[in-house]
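Work through the exercises below with the sequence and the model open. Try each task before reading its solution.

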Amino acid sequence: MNPGSSWIQEFWRIALLVAVAWVAGSVFDQVVLFLLLALLAYTFRNLFNLQRLANWLGDPNTEEIPIRFGVWGDIYSRIARVARRQAQREKRLSALLQEYTSSTSALPDAAVALDAEGRIRWFNDAASRLLGFQAAKDIGQPLLNLLRAPEMVSFFHKRDHGASLQITAPGNAQRQLEVRTTPYGEGQTLFLAQDITERLQHERMRKDFVANVSHELRTPLTVISGFVENLQADEQTDPRLMRPLELMSQQAERMRRIVEDLLLLARLESESTPSQSTEVNVKHLLETIADEGRALRDNSPVIECEIESERKLLGDETQLRSAVTNLMVNAVNHTPVEGRVTLSWQDDGEESRLTVTDTGEGIATEHLPRLTERFYRVDTGRSRELGGTGLGLAIVKHILSRHDANLQIESRLGSGSRFLCVFPASRLAA
Ligand code: ADP
């Protein structure tokens with residue numbers, strides 16, 4: 001019913017009541033008394049309806065409305081409409097919650113919600129499977145009471161949300177997990193763990209395969225090179241074969257270099273971080289490498305050293321030599337004779353920088369992110385011509401990461417390149 005019309009009806013009802021009381025009061029000559037009685041009856045009726053409304057609101061049954069007509073009927077139907085809408089919203093929300101819970105349960109990765117104190121508030125099925133958590137006894141427990149590995153404790157306290165950590169699954173030494181944390185809400189944290197056992201196995205298989213193939217190729221290559229050399233040295237060899245033999249020798253040498261680089265990469269990947277005990281004299285290292293560079297070609301560009309720090313590096317000298325030599329050879333190969341290659345060593349107390357800068361041809365920006373990938377070359381033909389294997393920068397990157405350092409490459413086509421090796425203070429000798 002239209003609310004306006006129900007109020008008009010109510011008004012007429014009151015008017016009728018007053019009129020009846022007036023007429024009856026006139027008959028008995030007691031108008032005031034009858035009017036008061038009528039008013040009292042009206043007030044009682046409303047009080048009674050108010051009490052019914054209060055009872056009904058305790059558990060509003062929208063199907064059974066106590067009064068359907070008049071102002072009270074109107075109030076009931078409005079409240080019933082709001083209650084129906086509320087019930088629908090609750091139903092939708094609980095369906096959504098149900099859907100959310102079942103979808104997170106279906107996740108293959110463990111998800112654990114933690115409060116600001118690091119206590120477990122909730123976790124999904126995968127957390128029970130991968131971490132062995134049990135809802136009944138582990139909800140409310142601090143996460144670090146259940147995952148007690150020391151590296152896990154320091155990782156959790158660091159709160160570096162971009163980082164990840166590899167741990168052995170609790171109760172299953174065969175299973176490897178990668179864990180990370182993500183902040184959410186107010187001070188809460190989502191702890192995620194992914195099973196990476198299979199991925200690690202595949203990675204290991206790939207590394208072993210490359211290392212084994214490279215190793216297996218070494219002996220046949222040496223034999224082939226040996227025979228080619230013998231034939232080249234033999235005076236009885238048909239002179240027409242000299243050119244093909246020369247090409248065979250070049251290609252065998254190229255293959256040997258690729259095999260050696262692949263084996264070096266495999267070694268770098270499998271060995272643990274080099275010990276910090278060897279102090280490397282960087283000044284001496286750079287000067288020796290610069291001398292080797294000058295002897296590399298007849299028409300080398302100018303090669304100079306800028307040593308601004310006397311600090312020594314803690315690391316593996318052979319590996320560091322190999323990395324800097326790779327950078328220097330690249331710089332010399334890509335810089336014209338009138339150009340300049342600079343090897344420099346600086347430190348600002350916090351970190352140290354070993355830089356190889358050239359004024360050569362430079363590298364277009366789109367190649368920079370991929371340069372350290374294996375076999376990635378800007379110009380494959382040119383790289384082969386220069387004797388490159390396409391593995392040099394991959395080796396440099398690996399060696400640096402084993403020294404806790406990172407490689408930054410800055411270059412512009414036509415304006416030269418800068419290869420920056422940044423070492424943390426922890427890698428410097430006192
Ligand atoms: P390569 O054996 O081909 O030199 P690298 O991994 O050492 O392989 O280098 C990858 C590619 O990066 C090279 O092919 C070359 O195109 C480019 N590059 C590396 N250093 C320089 C440099 N100093 N100037 C210009 N280009 C470079």
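The model is predicted.

**Exercise 1. Find the handedness of the crossing of α8 and α9, then describe how these helices pack.**

Solution. 
- Step 1: The handedness. Helices α8 and α9 make a left-handed crossing.
- Step 2: The geometry. Helix α8 covers residues 197–233, and its axis lies 8 Å from that of α9. The packing angle is about 155°.
- Step 3: The class of the angle. Angles over 145 degrees count as roughly antiparallel. Therefore α8 is roughly antiparallel to α9.
- Step 4: The contact of α8 with α9 has 15 nonpolar residues, along with five polar and seven charged ones.

**Exercise 2. Decide how α2 runs relative to α3, and list the residues that make the contact.**

Solution. 
- Step 1: Locate the helices. Helix α2 holds residues 31–58, and helix α3 holds residues 70–106.
- Step 2: Read the geometry. The axes of α2 and α3 come within 11 Å and cross at roughly 15°.
- Step 3: Apply the cut-off. Angles under 35 degrees count as roughly parallel. So α2 is roughly parallel to α3.
- Step 4: The crossing of α2 and α3 is right-handed.
- Step 5: List the contact. Helix α2 supplies Arg45, Asn46, Asn49, Leu50, Arg52, Leu53, Trp56 and Leu57. Helix α3 supplies Trp72, Ile75, Tyr76, Ile79 and Ala80.
- Step 6: Sort by class. Nine residues of the contact of α2 with α3 are nonpolar, two are polar and two are charged.

**Exercise 3. How many salt bridges does a search of the whole structure find? Then examine the pair Asp195 and Arg175.**

Solution. 
- Step 1: The count. The search finds 24 salt bridges.
- Step 2: The pair. Asp195 and Arg175 form a salt bridge through their side chains, at 3.3 Å from N to O.
- Step 3: The placement. Asp195 lies in strand β5 (residues 188–195), while Arg175 lies in the loop between β3 (165–168) and β4 (176–184). The pair therefore ties together parts that are 20 residues apart in sequence.
- Step 4: Asp195 is partly exposed, at 34% relative accessible area. Arg175 is partly exposed too, at 21%.

**Exercise 4. Is Gln176 buried or exposed, and which residues does it touch?**

Solution. 
- Step 1: The location. Gln176 is in strand β4.
- Step 2: The cut-off. Buried means under 20% relative accessible area. Gln176 has 18%, so Gln176 is buried.
- Step 3: The neighbours. Leaving out residues up to four places away in sequence, Gln176 touches Gln166, Ile167, Thr168, Gln194, Asp195, Ile196, Thr197 and Leu200.

Key. Residues are numbered from 1 along each chain as its sequence is written. This is a predicted model: local features need pLDDT of at least 70, side-chain atom pairs count only at pLDDT 80 or more; totals for chains, interfaces and linings use all residues. Side-chain values use heavy atoms; hydrogens and water are left out. Axes are lines fitted to C-alpha atoms, for helices over the stretch in contact, and angles run from 0 to 180 degrees between N-to-C directions. Helices (H or I, at least four residues) and strands (E, at least two) are DSSP runs, numbered from the N terminus. Angles under 35 degrees count as roughly parallel, over 145 as roughly antiparallel, 65 to 115 as roughly perpendicular and the rest as oblique. A crossing is left-handed if the near helix is turned anticlockwise from the far one by less than a right angle, and right-handed if clockwise. Contact means heavy atoms within 4.5 Å. Ala, Val, Leu, Ile, Met, Phe, Trp, Tyr, Cys and Pro count as nonpolar, Asp, Glu, Lys and Arg as charged, and the others, Gly among them, as polar. A salt bridge is a side-chain nitrogen of Lys or Arg within 4 Å of a carboxyl oxygen of Asp or Glu. Buried means under 20% relative accessible area, exposed over 50%, partly exposed in between (1.4 Å probe, protein chains only).
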